[in-house]
Amino acid sequence: MTVSANDLALALKTQALASARRLGGEGDALAALEATRFPERKTERWKYTSVQALADGHLNAVAAGDLRQPLPALSESVVTINNGELVTSSLPDGVTLHHNAPAVAGLETPFAVYNSAVARAVVLEVAANTRIEQPIHVQIQAASDAPAHCNPRVIVKLNNGAEATVIEHYHGEGQALTNAVTALITADNAHLTHYRLQGEAASTLHIGTLIIDQQGISQVDSYQLMTGNRLRRNDVHALVGKSGAELTMKGIFVVRDKSHVDNQLCVEHRVPDCQSDQNFKGLAGENGKAVFNGRIHIHEGAKGTNAELSNKNLLLNVGAEINTKPELEIYNDDVKCAHGTTVGQLDATQQFYLQSRGIPAAEAKRMLSLGFVNELLMALPHETVAEWARPWLEAELTHARPAGEGAA
Amino acid sequence: MLEIRDLHATVADKPILKGLNLTVNPGEVHAIMGPNGSGKSTLANVLAGRDNYEITGGEALFEGKSLADMEPEERAQAGLFLAFQYPVEIPGVSNMEFLKAALESVRGAQGKEEWDSVTLLRQARAACKQVNLDASFLKRGVNEGFSGGEKKRNEIMQMLLMEPKLALLDETDSGLDIDALQVVAKGVNSLRSPERGIVLVTHYQRLLDYIVPDFVHVLSNGQIIKSGGKELALELEQKGYGWLTGEEESA
Ligand SMILES: Nc1ncnc2c1ncn2[C@@H]1O[C@H](COP(=O)(O)OP(=O)(O)O)[C@@H](O)[C@H]1O
Ligand SMILES: [Mg+2]
């Protein structure tokens, strides 16, 4: 069933509103949803991503399926959220889980607005001046045989001088749409290491927003690894909000077969003397399609900003597609801003060299693809994540996943 | 083991080899010399199966099989090895994982016993030592940031591990100082055996002081215009190539 984009936008809004009312949405959040518009044919920020898949009616039902292959725990500290509901948690001293959620700044997509109207947030709050040694593994899972969705919302809050590592890890099966909002809020002298691991089944959908809200002079290091699926939309909005704050984001995305990833990143510098550094690499094979839109917005008052963005991409064959675009909005002269984006192909000379040593062509391609992102894999600071990431990537690069199968 | 008959080949559609004949039997060491641009590297690349290097006439048989019908990796699996004149850098792929993949494939295809990772590491370290390459090079990206001489020694190190039936060395001597040259020569000489063929492509006769060839051929304008014993190399050293090619040349 294909419907026109504008009819679909209206239908999605009707569905979202009905669902929000059923799920008890009220007040300002519901009013915001009433005022929002879902992506239409000419909506600039959705130019590369069709939400046509949602014509199957994902927003009409909440996912309630059983997980066939739930995630293994990557740490002793685990929080499990299935189909949007908190199931279990096991947390060390110094970390409190509660539902008293602060308002989240910087949410933009209509899907995030919908999430705000219905989700019951899981807040993980790290006490002031506390260093949490063990990474906290937040498992966000969804399963549904029929089209359905869920609305997980996770807020990580580091108080003054807190230090922690959070592994935000998605898993999806069947036809589930995960409509996620995650916010990372850091106070002065906080240091957060964050992972966002997204290897859901190719048949699933994911529309997610990540907010990084550096309210204090803090350091956030975020590592984002993702696989394309039927529809993956990834909005990242970082607010580097207090002088002296530092942000690094590194990421790898892989689209194979007919899968899709649309990354919309925006790093916003509002105050003087902050640093941000982004390094993302993309790989696309078969008819995979990826988008990377990296915006750096430096406000007039943000003098002394140092912002960098790099996005290099590799097309594994003819037919794959990656669109990358840096977008700079700079409103003062006293900044350092470097950016570079490239889209290239496998180097024939390198490939021949490997083959001339007996390595079969497909294996040579896989090795070169892994080599392309190796510096980012090597940069992962936690062994547990690195041990997850390497086989994940090897599997992604070894075979195209037929849509409708597979696990995280 | 290598039988090249009236070979014609093009590089990017440009005719370079124009009727080349060469036979290499097991146990023999051949040197191919010739002026720059005469087609020496083209011959090596054609035999190894590089893209854009196309056989347009004649044939090249390796142990009776036509190389033209084989993928580059199949040629390596069959026992052909080319030490490149300009080894490419491959950042992000470590020398060790590269060797592991190469040896697994080649040893597997040749029915040799599989090396576990401990054996592989031991063998690789020994091969490094043989060519005076620090074992730390195994951890680095393939040829990444290696000096010219280190790249050449890395090629020989790989060759020692792969134990090819036929080794082609393309100007492995160029850019080496005398010590490195001796190291490389020792490595090659250690592979000399009655079952193995070796073809040395070189511009200078210097290498041949250390690896004494059984036959010397002069390649000019895509053909072998003269063949002889090791004394031919000395003659070339004295007279240059001009007396054979009929051209002035400076190198
Ligand atoms: N990739 C290429 N594209 C076009 N011409 C080439 C290429 N490689 C080599 N040639 C040409 O082929 C001829 C032979 O080169 P080469 O085999 O490298 O000579 P040699 O190794 O004997 O110095 C030269 O004229 C050279 O310019
Ligand atoms: Mg040459």
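Colleague: At which residues of chain B does UniProt place the feature "domain: ABC transporter"?

Modeller: This is a predicted model, in which local features need pLDDT of at least 70, side-chain atom pairs count only at pLDDT 80 or more, and totals for chains, interfaces and linings use all residues. Residues are numbered from 1 along each chain as its sequence is written, chains are lettered from A and ligands numbered from 1 in the order in which they are written, and side-chain values use heavy atoms, with hydrogens and water left out. UniProt positions are given in this numbering, with feature names shortened, and annotations may be inferred rather than shown by experiment. In an unreviewed entry, UniProt places the feature at residues 2-246.

Colleague: How far apart are the end C-alpha atoms over residues 2-246 of chain B?

Modeller: Helices (H or I, at least four residues) and strands (E, at least two) are DSSP runs, numbered from the N terminus. Over this range the chain is 36% helix and 29% strand. The end C-alpha atoms are separated by 29 Å.

Colleague: Which residues coordinate the magnesium ion (ligand 2)?

Modeller: Donors are N, O and S atoms within 2.8 Å of the metal (3.2 Å for Na, K and Ca), and sites may look incomplete because water is not among the atoms. The distances for this ion are 2.1 to 2.2 Å, and the donor atoms are OG and OE1 of two residues 44 residues apart, one in helix 1 (residues 40-48) and the other in the loop between strand 6 (80-83) and strand 7 (90-94) of chain B.

Colleague: Is Gln85(B) buried or exposed?

Modeller: Buried means under 20% relative accessible area, exposed over 50%, and partly exposed in between (1.4 Å probe, protein chains only). Ser41(B), at 23% relative accessibility, is partly exposed. Gln85(B) has 16%, and therefore counts as buried.

Colleague: Which helix of chain A holds Ser369(A)?

Modeller: Ser369(A) has a relative accessible area of 2% and is therefore buried. Not counting residues up to four places away in sequence, Ser369(A) touches Leu283(A), Leu314(A), Leu316(A), Leu346(A) and Leu397(A), where contact means heavy atoms within 4.5 Å. Its place is in helix 5.

Colleague: How far apart in space are Gln351(A) and Ala361(A), C-alpha to C-alpha?

Modeller: Gln351(A) lies in helix 4 (residues 348-356) of chain A and is buried at 13%. Its contacts include Ala361(A) and Leu368(A). Gln351(A) and Ala361(A) are ten residues apart in sequence, and their C-alpha separation is 7.4 Å.
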